Amino acid sequence: MKALSNADFFRGPLMVKIAAFLFISITFFYVGKHWSDGYQQLVFFTTTTTPTPQTPSVSISPNNDKLFNISSLAENSLPPVPAPGVVVAEGAVVPPPPPPPSDSIQRFGIVDENGTMSDEFEVGEFDPDEVVENWGVGNGTEVENGDAGGSRRARVKRFELCPSNMREYIPCLDNEQAIKKLKSTERGERFERHCPEPRRGLNCLVPPPKDYKTPIPWPKSRDEVWFSNVPHTRLVEDKGGQNWIFRVKNKFKFPGGGTQFIHGADEYLDHMSKMVPEIAFGQNTRVVLDVGCGVASFGAYLLSRNVITMSIAPKDVHENQIQFALERGVPAMVAAFATHRLLYPSQAFDLIHCSRCRINWTRDDGILLLEVDRMLRAGGYFVWAAQPVYKHEEALEEQWKEMLNLTTRLCWEFVKKDGYIAVWKKPLNNSCYLNREEGTNPPLCDLSDDPDKVWYADLKACITRLPENGYGAIVPKWPDRLRTPPDRLQSIQFDAYISRKELYTAEYKYWMDIVGGFVRALKWKKIRLRNVMDMKAGFGGFAAALNDHGLNSWVMNVVPVSGPNTLPVIYDRGLIGVMHDWCEPFDTYPRTYDLLHAASLFSLERKRCNISTIMLEMDRILRPGGRVYIRDSLSIMDELKEIADAMGWHVTLRDTSEGPHASYRLFVGDKRLLRP
């Protein structure tokens with residue numbers, strides 16, 4: 001039955017129509033082909049094989065060199081216009097332009113050869129064998145013609161390497177000419193900032209030591225570093241018997257001791273916690289300042305207790321102690337108690353520590369301890385471990401009495417003395433200050449004084465008032481304080497009509513997304529990112545995102561003086577940072593950071609200073625093999641790349657998450673190891 005139905009189908013009228021249509025189509029095809037023989041014809045396809053993918057080329061149309069009269073297609077067609085400067089005779093035919101060169105496609109990003117997004121690619125690591133040898137000793141320059149007015153400008157094609165004696169050069173602290181002109185140095189003025197004049201600043205690349213090696217990664221670097229990276233033995237000679245540091249063959253070893261804790265930093269921290277349990281490292285106490293830090297073993301061992309420490313010391317006779325700290329991967333910077341405020345905000349630190357820091361706290365009516373008071377959070381602790389605490393000698397006992405007298409007038413509560421450690425606590429409000437006897441010194445600072453104004457601000461012999469609204473006195477325990485908008489957020493002076501809390505939350509979410517992309521696409525967890533600097537930190541959202549994505553790094557959050565002072569907020573959320581003007585050098589040794597991050601910094605600072613000045617400073621403080629991530633406007637990218645090429649960096653430009661048509665780009669630079 002089924003077979004019969006199929007036979008009837010083929011005998012039906014439908015199949016007759018289909019067969020007729022095919023016959024007519026084939027007939028017209030052959031008639032048309034025969035009719036067109038001998039005539040010029042447009043070829044729309046070809047059966048020739050295409051070039052292989054290994055040798056990309058531009059295909060030539062089969063209609064090349066054939067002439068067609070198509071004037072009838074448009075009565076008003078205009079004749080072809082030859083290229084400027086080319087004279088064409090009447091009736092002559094302008095030959096087609098030559099095909100573009102078949103250069104290989106230069107690929108950026110993570111799109112494979114099939115146009116498919118992929119995260120299967122490798123991120124370049126610093127290879128110590130990939131060294132740029134014979135970089136040169138002279139700046140290569142060329143002169144470019146400018147506009148029609150005849151202006152010309154010099155462009156540096158290659159920055160020279162500085163002399164080898166500048167390998168530890170810190171411009172604002174090694175300015176010998178300015179230091180010699182100081183009227184007095186008895187208060188430590190020589191250890192403060194004395195920057196070169198703008199036209200006499202750094203204009204070369206600070207070279208590494210002769211046998212520089214890739215730094216030992218954290219956490220192993222806490223206990224040992226390469227001798228060749230910091231080839232100085234002065235600390236070993238001076239402090240070898242105090243368990244600070246010693247040398248074993250080609251490495252420096254750090255046993256974790258100090259002058260006052262020769263049995264190790266862990267035992268010292270345990271002792272402190274038993275003395276005052278309310279200190280509660282990692283909960284109540286999150287941000288610490290270590291004054292006269294040595295090689296920063298105190299801060300290094302606090303890291304395992306969820307405490308981040310700003311370790312500071314001057315560049316004095318033990319001038320490389322901060323360099324050792326940073327080589328170890330511990331937060332540190334060069335700073336000194338002298339005549340100016342330190343570059344940290346009021347109520348920044350939960351605890352300030354001084355162990356044999358060689359500072360006379362009671363000199364000049366206690367002006368140096370008043371600076372400690374300004375930076376100490378309301379309710380925070382001051383820990384002093386020094387000979388006057390425990391030695392019974394007449395001169396030392398007199399110093400102890402002076403210290404007790406001064407701290408009493410500061411309204412500090414003497415908490416406890418145990419062995420060689422003494423602890424005081426700062427009050428939570430101004431009530432004690434206001435109830436002191438009339439005429440008691442030091443007085444309260446004037447109401448007009450801004451305790452967060454720190455850039456080249458003189459020390460003041462007065463007590464910094466605490467905010468009447470209690471801002472800064474109470475912060476959540478760590479880690480809740482990292483994400484909780486602090487009260488002092490409302491005191492930040494900047495132009496905004498939207499809620500500051502909304503801006504704070506939006507910044508954090510934004511950087512969480514961006515850093516998440518870096519972790520996934522650029523494999524940030526597989527590369528060395530220990531010492532990180534955010535050059536325009538805002539509320540510290542970038543640093544918070546690094547923490548919450550589990551990256552084993554710490555961040556120096558820099559707040560430029562040219563913008564709003566958000567530094568108090570950064571400290572309130574449990575991070576560290578510093579105020580700085582990027583038109584001047586930063587107070588750190590060369591080769592001390594693994595990653596420099598700058599978002600919208602250059603488009604802001606280019607109005608104030610030369611971009612190359614900032615870039616050269618970045619090169620100075622960046623380790624060979626270190627990375628730079630700059631998110632900024634398109635208008636500045638060409639200039640940044642030009643300068644980076646002159647410094648020997650390897651540079652790529654990437655699209656941001658907004659896509660290729662966004663007004664921003666991501667500049668990624670890798671610093672290479674240069675040899676003379």
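Predicted model: local features only at pLDDT ≥ 70, side-chain atom pairs only at ≥ 80, totals over all residues.
In describing the linings below, Ala, Val, Leu, Ile, Met, Phe, Trp, Tyr, Cys and Pro are counted as nonpolar, Asp, Glu, Lys and Arg as charged, and the others, Gly among them, as polar. Of the contacts between residues at least 6 apart in sequence, 68% join residues that are at least 24 apart.

The structure holds 3 cavities of 30 Å³ or more. The second largest cavity contains about 80 Å³ of space, and the residues that line this cavity divide into 8 nonpolar and 4 charged, with no polar residue. The lining of the second largest cavity draws on Leu 161, on Leu 205, Val 206, Pro 207 and Pro 208, on Arg 591, Asp 619 and Pro 624, and on Lys 671, Arg 672, Leu 673 and Leu 674. In the largest cavity, the space amounts to about 250 Å³, and the lining comprises 16 residues, among which Glu 192, Arg 193, Arg 341, Leu 343 and Asp 587 lie nearest the centre. The lining of the largest cavity divides into 11 nonpolar, 1 polar and 4 charged residues.

Asp 619, which contributes to the lining of the second largest cavity, is also one of the buried residues of helix 16. This helix, spanning residues 611–621, has 10 of its 11 residues buried and is therefore largely enclosed by the rest of the structure. The buried residues of helix 16 are Ile 611, Ser 612, Ile 614, Met 615, Leu 616, Glu 617, Met 618, Asp 619, Arg 620 and Ile 621. They pack against strand 14 (531–534), strand 17 (593–599), helix 15 (602–605), strand 18 (622–633), helix 17 (634–646) and strand 20 (664–670).

The largest pocket has a volume of about 1,000 Å³ and is lined by 50 residues, of which Gly 292, Arg 356, Cys 357, Arg 358 and Ile 359 lie nearest its centre. This lining divides into 24 nonpolar, 17 polar and 9 charged residues. At least two lining residues are supplied by each of several elements, including strand 7 (287–291), helix 6 (297–302), strand 8 (308–313) and strand 10 (349–355), together with helix 8 and helix 9. Helix 10 gives the most to the lining of the largest pocket, with 4 residues.

Helix 10 itself runs over residues 394–409, and its 16 residues reach 23 Å from the first C-alpha to the last, close to the 22 Å expected at 1.5 Å a residue. Within helix 10, the buried residues are Leu 396, Trp 400, Met 403, Leu 406 and Thr 407. Because these residues cover an arc of only 130° around the axis, they fall on the same side of helix 10. Glu 394, Lys 401 and Thr 408, by contrast, are exposed on the other side of the helix. The cover over the buried residues of helix 10 includes helix 8 (363–375), strand 11 (376–385), helix 9 (387–390), strand 12 (413–418) and strand 13 (421–425). Just after helix 10, Cys 411 adopts a positive phi of about 70°.

Two individual residues illustrate contacts made across the sequence. Tyr 571, located in helix 14 (residues 567–572), has a relative accessible area of 0% and is therefore buried. Although Tyr 571 and Phe 349 are 222 residues apart along the chain, their C-alpha atoms are separated by 7.4 Å. When neighbours within four places in sequence are left aside, Tyr 571 is in contact with Val 287, Met 310, Tyr 344, Pro 345, Ala 348, Phe 349, Arg 377, Arg 481, Ile 576 and Gly 577.

Arg 328 belongs to helix 7 (residues 321–328) and counts as buried because its relative accessibility is 0%. Its C-alpha lies 8.5 Å from that of Ala 300, a residue 28 positions away in sequence. With neighbours within four places in sequence again left aside, the contacts of Arg 328 are with Trp 218, Ser 221, Arg 222, Val 225, Phe 254, Val 295, Ala 296, Ser 297 and Ala 300.

Terms used: Residues numbered from 1 in each chain as written. Heavy atoms only, no water. Expected span 1.5 Å × (residues − 1). Buried < 20%, exposed > 50% of the residue type's maximum accessible area, 1.4 Å probe, protein only. Arc of directions from axis to C-beta. Contact = heavy atoms within 4.5 Å. 1 Å grid on protein atoms, 1.4 Å probe; cavity = no way out; pocket = protein on both sides within 12 Å on 5 of 7 lines; lining within 4 Å. Points joined across faces, edges and corners; volume = space filled by probe spheres on them.
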